[in-house]
Amino acid sequence: MTYLSAEQILGADDLACEDVPVPEWGGTVRVRELPGTERDKFESAFVGKDGASVRAEGLEGFRARLAAASIVDADGKQLFRSVAEVKRLGEKSARALQRVCDVATRLSKMSEEDVKELTGN
């Protein structure tokens with residue numbers, strides 16, 4: 001058996017992407033699986049150190065934050081980075097955001113149970 005080296009692991013292109021048609025926005029967006037550090041950052045915005053939901057609002061901001069974390073350009077760079085951009089993204093069509101979030105959760109292997117835990121619902 002041959003084991004992978006650190007260089008091979010770090011050099012692997014292992015983040016899945018999927019192009020998602022969003023007719024409400026007039027085109028297609030690229031949705032990328034969240035890298036480990038991005039998923040940790042995303043989850044930490046919703047869950048405290050004790051594992052309890054820290055957002056009394058539950059789902060508020062969930063879709064916009066997940067969409068912002070997973071929508072990327074052709075080079076894999078996030079399109080929405082600032083708090084203001086994420087807020088504006090959250091004001092877009094819920095149907096469009098949900099379509100993006102459905103793909104993001106599937107690619108990032110977020111289960112329905114994971115989402116419930118994050119949102120406190």
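Which hand does the crossing of H3 and H4 have, left-handed or right-handed? The crossing of H3 and H4 is right-handed; a crossing is called right-handed if the near helix is turned clockwise from the far one by less than a right angle, and left-handed if anticlockwise. The model is a predicted one, in which local features need pLDDT of at least 70 and side-chain atom pairs count only at pLDDT 80 or more, while totals for chains, interfaces and linings use all residues. Residues are numbered from 1 along each chain as its sequence is written, and side-chain values use heavy atoms, with hydrogens and water left out.

The protein has six helices and three strands. Both kinds of element are DSSP runs numbered from the N terminus, helices being H or I with at least four residues and strands E with at least two. Read from the N terminus, the order of the elements is α-β-β-α-α-β-α-α-α. Of the 121 residues, 32% count as buried, where buried means under 20% relative accessible area, exposed means over 50% and partly exposed lies in between, for a 1.4 Å probe and protein chains only. A contact means heavy atoms within 4.5 Å. Among the contacts with a separation of 6 or more, 58% are between residues 24 or more positions apart.

Two packed helices are described by the angle between their axes and the distance between the axes. Axes here are lines fitted to C-alpha atoms, for helices over the stretch in contact, and angles run from 0 to 180 degrees between N-to-C directions. Helix H3 (residues 62–70) and helix H4 (residues 83–90) have axes that come within 8 Å and cross at roughly 120°. That makes H3 oblique to H4, since angles under 35 degrees count as roughly parallel, over 145 as roughly antiparallel, 65 to 115 as roughly perpendicular and the rest as oblique. H3 contributes Ala-64, Arg-65, Ala-67 and Ala-68 to the contact, and H4 contributes Val-86, Leu-89 and Gly-90. These residues divide into five nonpolar, one polar and one charged. In this scheme Ala, Val, Leu, Ile, Met, Phe, Trp, Tyr, Cys and Pro count as nonpolar, Asp, Glu, Lys and Arg as charged, and the others, Gly among them, as polar.

H3 also packs with H5, at an angle of about 60° and with the axes 9 Å apart. H3 and H5 are therefore oblique to each other, and their crossing is left-handed. On the H3 side the contact is made by Arg-63, Leu-66, Ala-67 and Ser-70, and on the H5 side by Leu-97, Gln-98, Val-100, Cys-101, Ala-104 and Thr-105. Here the division is six nonpolar, three polar and one charged.

Rings of Phe, Tyr and Trp (its six-membered ring) pair if their centres lie within 6.5 Å, with planes under 30 degrees apart counted as stacked, over 60 as edge-to-face and the rest as tilted. By this rule there is one aromatic pair. The ring centres of Phe-42 and Phe-62 are 5.4 Å apart and the planes are at 65°, so the pair is edge-to-face. Phe-42 lies in helix H2 and Phe-62 in helix H3, so the pair ties together parts that are 20 residues apart in sequence. Both Phe-42 and Phe-62 are buried.

Helix H2 (residues 36–44) also holds Arg-39, which counts as buried at 18% relative accessibility. Leaving aside residues up to four places away in sequence, Arg-39 touches Leu-34, Ser-108, Lys-109, Met-110 and Asp-114. Lys-109 is found in the loop between helix H5 (94–107) and helix H6 (112–119), and is exposed, with a relative accessible area of 68%. Most residues other than glycine have a negative phi. Phi of Lys-109 is near 55°, a positive value.
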